[in-house]
Amino acid sequence: MVSAFWGLEIWVVREWEFLLANFLCTLPLEEFARQLACLLQLMLVLTMSNCLTTSSTSGFGKDVLLERSIMSSWKSSWMLLNKYMVKKFSSSLKTLPITMRLICLRNIARAILFSMMISRGTASVVLAGLLSSLKVVGGTLAEHTYLFLGAGEAGTGIAELIALEISKQTNAPIEECRKKVFLVDSKGLIVSSRKNSLQPFKTSWAHEREPVTTLLDAIKSIRPTVLIGTSGVGRAFTKEVIEAMASFNERPVIFSLSNPTSHSECTAEEAYKWTQGRAVFASGSPFDPVEYDGKIRVPGQANNAYIFPGFGLGVVISGAIRVHEDMLLAASETLAAQATQENFDKGSIFPPFTNIRKISALIAASVAAKAYELGLATRLPRPRDLEKYAESCMYTPVYRSYR
């Protein structure tokens, strides 16, 4: 059943690319916007259906590999969408009456929201992994120091969510909380002396530090407890880098998040081997279990499929008029709470993906509850039991038997 869904989604993406290039761009602007929104909604339904029907898989089998190819296809399709949206809207939008402009912009906003939900879902699941890892390494989120390799959209998005959670836990200003997070880009550590040459989204992370040009030097200077890779540069976490993290951390937290596997900053085996089995590891790509020193470790995968199906369901069942950052934090906290000591003993900081339906219901309930708390919900009266209500709204692939 799952594979059938994957095949349908691949077909939709390919057909959409063909239609964009050969037909849809010739439509009137308002119809183009409507068709775009419809396709993105269909993609959301198909993707959520995939995630919510994988309860029979472990998260490391063929369905995950299929998912990775789907998300790769989706990324290339979204880039194509951007190209045609800019081409279509830059020349045509200003010629429409104001009411039609608003309709077009609303439909395009739906498309953008879908893309943002997936990208913010990645940040949310990484934050959940960090919150979960605290049960292993000890301390609070604010007591740790975070170093990113990669300062693009993914890295800065995750960094901001970490700072927001620290701010929430400590009541400290967000500007102070950002000082716990450091980023390294292609030119080295982002510091205040580089501020005039930085892209605007990087300036919040330009701290008062001496400039260094390599990741290894940044580690030696900052002495982070958490190392996160979002660079897309395969094997950037070298033996020297990981050994440096292990030299001053009893349990170094190492997240190698880049996709696909060939772009992962290090493998699970390398992280465990070069820290003598002490690393708390998670990855963006799936890795097989690793045997080290007679013990089997099952590395966790920071897969945004943990978050965005339940998150989207929570938005829908509450009728939230907008997405607030606290709703993302609620999703992260709920996912982190599902990881147990049994998971930690096996080396994973995430619950098994076989529990995704239960996890999604819990996340949906927490997101919806936060929407009601913030006054953003429009579905009234509020359901008495949000978790049960979320479960009742889920699609269940059960079919009649016909002879």
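1. Two strands are taken to pair if DSSP finds at least two bridges between them. On that basis this predicted model contains an open sheet of seven strands in the order 3-2-1-4-5-6-9, with mixed pairing. The edges of the sheet are strand 3 (188-189) and strand 9 (300-301), each of which pairs on one side only.

2. Helix 5 (residues 153-170) packs on this sheet, where it touches strand 1 (146-149), strand 2 (181-185) and strand 4 (226-229), and its direction makes about 165 degrees with that of strand 1. Helix 7 (residues 215-222) lies across strand 1, strand 2, strand 3 and strand 4, and runs at about 175 degrees to strand 1.

3. Five of its five residues are buried, so strand 2 is largely enclosed by the rest of the structure.

4. The pairing of strand 2 has two senses. Strand 1 and strand 2 run parallel and are joined by four bridges, with Leu-183 of strand 2 as the bridge partner of Phe-148. Strand 2 and strand 3, by contrast, run antiparallel and are joined by two bridges, and here Val-184 stands opposite Leu-189 of strand 3.

5. Ser-247 belongs to helix 8 (residues 239-248). With a relative accessible area of 58%, Ser-247 counts as exposed, because the cut-off for that class is over 50%. The side chain of Ser-247 reaches the backbone oxygen of Ala-244 at 2.6 Å. Ser-247 and Thr-275 are 28 residues apart in sequence, and their C-alpha atoms are 8.5 Å apart in space.

6. A further point concerns a helix pair. Helix 11 (residues 325-337) and helix 13 (residues 356-373) pack at an angle of about 145 degrees, with their axes 9 Å apart, and helix 11 passes helix 13 in a right-handed crossing. Helix 11 contributes Asp-326, Met-327, Ala-330, Ala-331, Thr-334 and Leu-335 to the contact, and helix 13 contributes Ile-359, Leu-362, Ile-363, Ser-366, Val-367, Lys-370 and Ala-371. By class, this contact has nine nonpolar, two polar and two charged residues.

Technical notes. Residues are numbered from 1 along each chain as its sequence is written. This is a predicted model: local features need pLDDT of at least 70, side-chain atom pairs count only at pLDDT 80 or more; totals for chains, interfaces and linings use all residues. Side-chain values use heavy atoms; hydrogens and water are left out. Buried means under 20% relative accessible area, exposed over 50%, partly exposed in between (1.4 Å probe, protein chains only). A polar contact is a pair of N or O atoms within 3.5 Å; within protein, one must be able to donate a hydrogen and the other to accept it, and residues adjacent in sequence count only if both atoms are side-chain atoms. Axes are lines fitted to C-alpha atoms, for helices over the stretch in contact, and angles run from 0 to 180 degrees between N-to-C directions. A crossing is left-handed if the near helix is turned anticlockwise from the far one by less than a right angle, and right-handed if clockwise. Contact means heavy atoms within 4.5 Å. Ala, Val, Leu, Ile, Met, Phe, Trp, Tyr, Cys and Pro count as nonpolar, Asp, Glu, Lys and Arg as charged, and the others, Gly among them, as polar.
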